[in-house]
Amino acid sequence: MDTVTLEPSLYTVKAVLILDNDGERLYAKYYDGTYPSVKEQKAFERNIFSKTHRTDSEIALLEGLTVVYKSNIDLFFYVIGSSHENELMLMAVLNCLFDSLSQMLRRNVERRALLENMEGLFLAVDEIVDGGVILESDPQQVVHRVALRGEDVPYSEQTVTQVLQSAKEQIKWSLLR
Amino acid sequence: MIKKFDKKDEESGSGSNPFQHLEKSAVLQEARIFNETPINPRRCLHILTKIIYLLNQGEHFGTMEATEAFFAMTRLFQSNDQTLRRMCYLTIKEMANISEDVIIVTSSLTKDMTGKEDVYRGPAIRALCRITDTTMLQAIERYMKQAIVDKVPSVSSSALVSSLHMVKMSYDVVKRWVNEAQEAASSDNIMVQYHALGLLYHLRKNDRLAVSKMLNKFTKSGLKSPFAYCMLIRIASKLLEETEAGHDSPLFDFIESCLRNKHEMVVYEAASAIVHMPNCTARELAPAVSVLQLFCSSPKAALRYAAVRTLNKVAMKHPSAVTACNLDLENLITDSNRSIATLAITTLLKTGSESSVDRLMKQISSFVSEISDEFKVVVVQAISALCQKYPRKHSVMMNFLSNMLRDDGGFEYKRAIVDCIISIIEENPESKETGLAHLCEFIEDCEHTVLATKILHLLGKEGPRTPSPSKYIRFIFNRVVLESEAVRAAAVSALAKFGAQNDDLLPSVLVLMQRCMMDSDDEVRDRATFYMNVLQQKQKALNAAYIFNGENTHCAPSLNLRALVELTRLSVSSVPLANTPITEQKTEFAPVATSKLPEKPGPTRQDIYQEQLAAIPEFQGLGSLFKTSEAVQLTEAETEYVVRCVKHTFARHMVFQFDCTNTLNDQLLQKVMVQMEPSEAYEVLHYVPAANLPYSQPGSCYSLVRLPEDDPTAVSCTFSCTLKYLVKDCDPNTGEPDDDGYDDEYVLEDLEVTVADHIQKVLKPNFAAAWDEVGDDFEKEETFALASVRTLDEAVGNIISFLGMQPCERSDKVPENKNSHILFLAGVFRGGHDVLVRSRLALADGVTMQVTVRSSDETVVDIILASVG
């Protein structure tokens, strides 16, 4: 039993990962040197995926690290911290990430929608965790700060092809409905 | 191209990844459009996203290409597109370590951080601090101070967190911002509060008084942020530990009060802090345990996990404190999260009773394949501990362990199981056969060489003595056919042991050996040839010497090849001598055997003494040290002089080493020696006095005694001892001794030499073989009644300590509820004669003991029997 008291610190999160349902990395951000090389990171991701993709059980201990996770359709979200870390703090980060994305993607949290909004994901994670420190835990705030521009791109900035394309899309969608 | 990456491109079909097969060079090529005017924000945004995506996938960017892309990107600051600008900040952060001259964006970022757009300000601060060094930091110091106290929370938080990152690099600069951080700590925003507290602690953590003041202030004023509370609890418990303050301190009260916080995160943090405190009493733990108990029934898996993990920790030290939660833990053993279920079960195994073991084991075996190796090892350890606690449950455990062995798992996990099974086999003779069967099955498909050789060695040791040894042969020979060299060699050694002990199996073993002699590996061939030759002699003595009780290295995977080849040659050369009496062969090998035996038990301590004694001229020519006894106290504790004696036995002499300590600070002793008066025909040859014995510095004096040669049976003797010395009084302050002294003496307790001092312990792994090897040439038997002894345990303990011999075959453990027992003892008598004692004990109104002694020398047998009687 380890009686090490935690060094009080704001550095809570060791990594944030998003994998697809083949275990491939869609997003990975490591905040400390636990897995310094890409090779080690990928090996860790494979291990994490093989242990978690079949069960929907929210939390696990892997390679001496606490992993909280959540899956939705074809996406797996992970937040990783030290095994001494307060599990609920990690959970707060995971929930914030998921809820922010859920709002940004209009409840459509799946791989395709996410890949089409990668910049939104990059900005959201940047607002939630900064260098391992929890920056924000309220999804409303995160969405507000990311302030992802909607579809209303000023027409002056669009090319003719783009305008035509979007017009075509709109017609297609109206027909489909 | 635009179409290809358009957001609304539905044609590409589901499951496709627009970022798949991205070529770094192609993306960098595309990045040239950054230089086009007017800037197309949408396309540029896409390209930046691709670059960040590639970086995120671990793609390596060279300095040149990164710098080029970075400089192109700086042009995008001209666009006012919000998302594009934010992506520029991200690119700056991602490339800060790859690209050169990133500082050229400083002015753009400084402009954004002080600008009107709140959306830009926070991220700009963070990007700026990422590329700033200490000298530049001073240039933006004014802006940072303003930002920390900014009323927009995102700006303030960004500035605080960035400052925290900078503390490592520029402590002295950031230290000047303490007042601003202090102001931010009283912000209404919960995150700002948290970040400010974190920064303040970091700046003050080396100043315990400041930390204490800060804690005092915040614990009184109260905070809004649960994160900040968690931080406060950690700071408080660290301070408690450092100052070793008692649990009545206000800090402890604060942590305890947090157990009633409305946020679960804070409550859990407080409970966990209390549990992890050293020296917590059960009463102090109680409130923490009861909140954890509540969490056990939470619908949130993370909370249940956290609670049961912490309870598991409590159970290690205070199982009774957790007993109250048993019911809640019971509910968790069917939890869908296997980590939670495992922790609940292992906790229950620690706190529960014997009756619940069956049920728990059944439960855990239903899902053990789903949990990670870390937890599997935890489970095996719990079982191992349980087996010692409840030995009667071994059949349940054994079953469970064998199932676990069959599952996939890493080396650590398998080793834990194998070790656990082996320890059960050793503790419980009844479980031996099932255990061996499970292990046999395991090595059929075992990829770990270390484990395979370990099990083969165990099979060789235990297998031949089971009721049906033949069934193990198949398993062992399969290894010879299928495995790597080290395993094959171990299998050959194990086979030899079967052949040596089971006459009816010998012919088949010899056939198998013949096959092994054609192995492709030298080591395996050598072993096979060696054992083949030994086995063909069909002589128990040879078997005993070279197969069972031979060098223990035989079982190790990396065997000293040369030594074995040498031995093989020896045994081959001994073949023509096969018809000569055994005793002659023994003399041929005697140098090997006797020089090895005394070294085996505890060489380190004896080696040290041997070296010390060899340095004294009087003791040269005594030969090698045969045995060194434990120290015997010759004075009461806390007397003026403390003397203890260590007895060193040589072939014909004994050396008594007296370790003396002078506990009087006003005396210096000189010429210290112990005069000895023997009761028997022992002759004191020499005294080696200790020249000086100052206060509290131990010194040694020696006596050399010759053992009586004409009467070898006189092994026991009593010496009356007197300490003689010259006293010089000292000044207790300066320690200066007077010039004149006077002789004095001090009577010590009598020193006994017993038969145990003449016998060195030797472990014979296979007692029966050793028994046959020594033979019955000098066997004697006698029966004694031990009237004063009431139990078999006591009798066994007495005999072992009296004779000073090594119990073999675990015969020193008397099974419960038995009326008779056989004790096997082995040793070497002074001069190098093997002694074996078989002692049958029967309990009936006192203990009756029938002692049978065998040795290679008749006098030794007489000595042992005489001393017992």
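## Strands and chain B

A strand here is a DSSP run of E of at least two residues, and strands are numbered from the N terminus. Strand β5 of chain B, residues 667-678, is such a run. The model is predicted.

Chain B contains 39 helices and 17 strands. Its length is 869 residues, and 53% of them are buried. Take the contacts in chain B with a separation of 6 or more: 64% of them link residues 24 or more positions apart. The accessible surface of chain B is about 39,200 Å². Carbon and sulfur atoms account for 50% of that area.

## Nonpolar core

The largest nonpolar core holds 250 residues. Which members touch the most other members? They are B:Phe34, B:Leu109 and B:Ile255. Chain A takes part as well: its helix α2, residues 87-104, gives this core 12 residues, the largest share.

Neighbours within four places in sequence are set aside here. Its contacts then include four isoleucine and alanine residues, namely B:Ile233, B:Ala236, B:Ala270 and B:Ile274. B:Ala273, B:Leu240, B:Met277 and B:Ser237 complete the list.

## Cavities

How many cavities of 30 Å³ or more does the whole structure have? The search finds six.

The largest share comes from β3(A), with three residues. By class, the lining of the second largest cavity has five nonpolar residues, five polar and three charged.

## Backbone exceptions

Most residues other than glycine have a negative phi, and most peptide bonds are trans. Chain B has some places to check against that rule.

The peptide bond between B:Thr37 and B:Pro38 is cis, with omega at about -5 degrees. B:Pro38 sits in the loop between α2 (24-30) and α3 (41-56) of chain B.

B:Asp101 is not a glycine, yet its phi is positive, about 55 degrees. This residue is in the loop between α5 (82-95) and α6 (106-114) of chain B. B:Lys671 also has a positive phi, near 50 degrees, and is a residue other than glycine. B:Lys671 belongs to strand β5 of chain B. Is B:Lys671 buried or exposed? Exposed means over 50% relative accessible area. B:Lys671 has 59% relative accessibility, so it counts as exposed.

## The loop at B:His60

Where is B:His60? It lies in the loop between α3 and α4 (63-74) of chain B. Its relative accessible area is 61%, so B:His60 is exposed.

Neighbours within four places in sequence again left aside, B:His60 is in contact with B:Lys24 and B:Glu65. B:Ile98 is 38 residues from B:His60 along the chain. The C-alpha atoms of B:His60 and B:Ile98 are separated by 9.4 Å.

Technical notes
Residues are numbered from 1 along each chain as its sequence is written. Chains are lettered from A and ligands numbered from 1 in the order in which they are written. This is a predicted model: local features need pLDDT of at least 70, side-chain atom pairs count only at pLDDT 80 or more; totals for chains, interfaces and linings use all residues. Side-chain values use heavy atoms; hydrogens and water are left out. A nonpolar core is a set of buried Ala, Val, Leu, Ile, Met, Phe, Trp, Tyr and Cys residues joined through side-chain atoms within 4.5 Å. Buried means under 20% relative accessible area, exposed over 50%, partly exposed in between (1.4 Å probe, protein chains only). Helices (H or I, at least four residues) and strands (E, at least two) are DSSP runs, numbered from the N terminus. Contact means heavy atoms within 4.5 Å. On a 1 Å grid over the protein atoms alone, a cavity is a set of points where a 1.4 Å probe fits but cannot get out, and a pocket is an open set with protein on both sides within 12 Å along at least five of seven lines; lining residues have an atom within 4 Å of a point. Grid points are joined across faces, edges and corners, and a volume is the space filled by probe spheres set on the points. Ala, Val, Leu, Ile, Met, Phe, Trp, Tyr, Cys and Pro count as nonpolar, Asp, Glu, Lys and Arg as charged, and the others, Gly among them, as polar. Accessible areas come from the Shrake-Rupley method with a 1.4 Å probe; for residues, only the protein chains shown count as cover.
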